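Below is a short note for a colleague who is meeting this structure for the first time. Please read the points in order, with the model open alongside.

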Amino acid sequence: MTTEKGSSASLGRPCILIIVVAGVERFAFKGVASNMVNYLTGVVGMSTAAAAQSVSAWVGITSMLPLVSAVLADSYWDRYSTVTASSLLYVAGLAGLASWAMLHKWMPWATLFLPLYLISIGQGAYNPSMQAFGADQLDIGDEDDDGGGGGTAEENGKVKSAFFQWWYFGICCGSLLGNTTMSYVQDTVGWGIGFAIPCAAMALSVAAFLCCTPLYQKISQPRSADRPCSESILRALKSLLASVSAGKIRLSSRHDGQDDGDDKNNASELELQEKPLKLAKLTDPKEANGLGVAKIILRLLPIWTVLLMFAVIFQQPMTFFTKQGTLMDHRVGGGAFVIPPATLQSTITVSIIILMPLYDRVIIPLIGVVTRDSKGITVLQRIGVGMVFSVVAMVVAALVESRRRHVPAGQMNIAWLLPQYVLLGVSDVFAVVGMQEFFYSQVPDAMRTIGFGLYLSVFGVGSLVGTVLIAAIEVATAGGAGKGHGWFSDDPRVERLDNYYWFLALLSSVSFVIFTQLCRCYN
């Protein structure tokens, strides 16, 4: 099949279709996840801390599974087949959740997690494969190859950048609709219909995707003998653990012109050298199927690790920000409108939708004036700017919560939460898009799905880190028996979310400092 080519930065019809389908998926997921804390506390009867932990664990596992499915997709399956199979599981999970909500009076509460984690399994394979399949439609080849895909390396880079920008724009539009419309339906009409609508939308998007199969360009992936396999990655991880115990891991400066000379023999040594992390084209089947591929993943682990605190902050709007809003006055416009707390999550998406088209046209030229570089900032610098905005968002959230605690219950207007939501939206424009492009660019063509899996797994592990933090703080502040009033007390008069936000700001600041040091080791 031939791919449409207009200008060098144009996206063909298959690419646009896939972006729309991905946007519908975000509508479905956000329509379920954005209000899940309120569902667990209001309908299921969980405490605030237990509901936040459950949602963080669910979102975390959902975001971790792409790393496992990506290895399978790139090693044994193909991306189109993975998208097709996983989308059916996804729809089945959404249907099960809607059914549970309608029959919840007769259902044991623990069974709710069966459809939720079926959604996790489906989405875990769906998201990285769909994004990698969408990138396949660009037909630009490896960006290191001049002239790959019919254009120069610079032109192909612009196409790739445009794809990530519009991909994120599309999923943000879907998230906006999911956050606003579904929260309102769930709070005013009912949870059953509020979960059924996302299920129907997802089913229609899957049908549309399958009907347009003849339009797609299916990149032939190497057979399993020539592809990075899970066994090689497991061997590399074992080797990495052995190296940790032996103290052999080091981060070489990017300015080090020295090569160790024993790179081929010391497969577990984590070196961030001056050349790009992808290193070779992996044309040797043994190298492609061996530790060489796994070493590329291991070289990304330092950056991957320091991004975890950003991912912890990324989860706050769905958990404590939403619960924070329930303690405030929801009326705006002189009482003419009542805003459900979960709807404020749409402010993040609106900020992204407004800023994303301006990024290349306004923000980058302005930054270029300061940096005296026409490209503005590098991908890693873009991520760093996003991390800074996330820290500022936590500081603002802490200040607002401190003020709320000294105001009579329900007297402080929910609009006071807008600045922290907007700051997180600005943070996403920089950090999230930068993370997508970074992990995509640092792996070979045969590992594109794994690259997206690494990016998504940051948010998965970050959610689990958030869950562990909540549990540890709950024990430390409320006592082991849980008899005291901790930071996450259900009593709004004694809970201390402001302390939690200050703590996240501190940890994120430390992560940012480490990140700036690691950036010196990467190109």
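1. A term for the helix pairs comes first: a crossing is left-handed if the near helix is turned anticlockwise from the far one by less than a right angle, and right-handed if clockwise. The crossing of α16 and α17 is right-handed. Helices here are DSSP runs (H or I, at least four residues), numbered from the N terminus.

2. On the source: this is a predicted model, in which local features need pLDDT of at least 70 and side-chain atom pairs count only at pLDDT 80 or more, while totals for chains, interfaces and linings use all residues. Residues are numbered from 1 along each chain as its sequence is written, and side-chain values use heavy atoms, with hydrogens and water left out.

3. Two packed helices are described by the angle between their axes and the distance between the axes. The axes are lines fitted to C-alpha atoms, for helices over the stretch in contact, and the angles run from 0 to 180 degrees between N-to-C directions. Angles under 35 degrees count as roughly parallel, over 145 as roughly antiparallel, 65 to 115 as roughly perpendicular, and the rest as oblique.

4. Helix α16 spans residues 448-478 and helix α17 spans residues 497-518; their axes are 12 Å apart, at an angle of about 130°. The two helices α16 and α17 are therefore oblique to each other.

5. Helix α16 also packs with helix α3 (residues 48-75), at an angle of about 155° and with the axes 7 Å apart. That makes α3 roughly antiparallel to α16. The crossing of α3 and α16 is left-handed.

6. A further pair is helix α1 (residues 13-33) with helix α4 (residues 79-102): their axes cross at roughly 30° and come within 12 Å. The helices α1 and α4 are therefore roughly parallel to each other, and their crossing is left-handed.

7. Side chains of opposite charge can pair when their charged atoms come close. A salt bridge is counted when a side-chain nitrogen of Lys or Arg is within 4 Å of a carboxyl oxygen of Asp or Glu. How many salt bridges does a search of the whole structure find? The search finds six.

8. One of the salt bridges joins the side chains of E401 and R404, at 2.8 Å from N to O. Both residues lie in helix α14 (residues 379-405), three residues apart, which is about one turn of the helix. For burial, the cut-offs are under 20% relative accessible area for buried, over 50% for exposed, and partly exposed in between (1.4 Å probe, protein chains only). E401 counts as buried because its relative accessibility is 0%, and R404 is buried with a relative accessible area of 7%.

9. R404 forms a salt bridge with E495 as well, and here the closest N and O atoms are 2.4 Å apart. This pair links distant parts of the chain: R404 is in helix α14, whereas E495 is in the loop between α16 and α17, 91 residues away. Both R404 and E495 are buried. Together, E401, R404 and E495 are linked in a network of salt bridges.

10. The side chains of D498 and R496 meet in another salt bridge, at 3.0 Å from N to O. R496 counts as partly exposed because its relative accessibility is 26%.

11. H485 is found in the loop between α16 and α17. The residue H485 is exposed, with a relative accessible area of 54%. The C-alpha atoms of H485 and E495 are separated by 7.1 Å, and the two residues are 10 residues apart along the chain.

12. Two other C-alpha pairs can be checked in the model. V429, in helix α15 (residues 418-441), is buried at 0% relative accessible area. V429 and I383 are 46 residues apart in sequence and 9.2 Å apart in space, C-alpha to C-alpha. A101 lies in helix α4 and counts as buried at 7% relative accessibility. Between A101 and F195 there are 94 residues of sequence separation and 7.6 Å in space, C-alpha to C-alpha.
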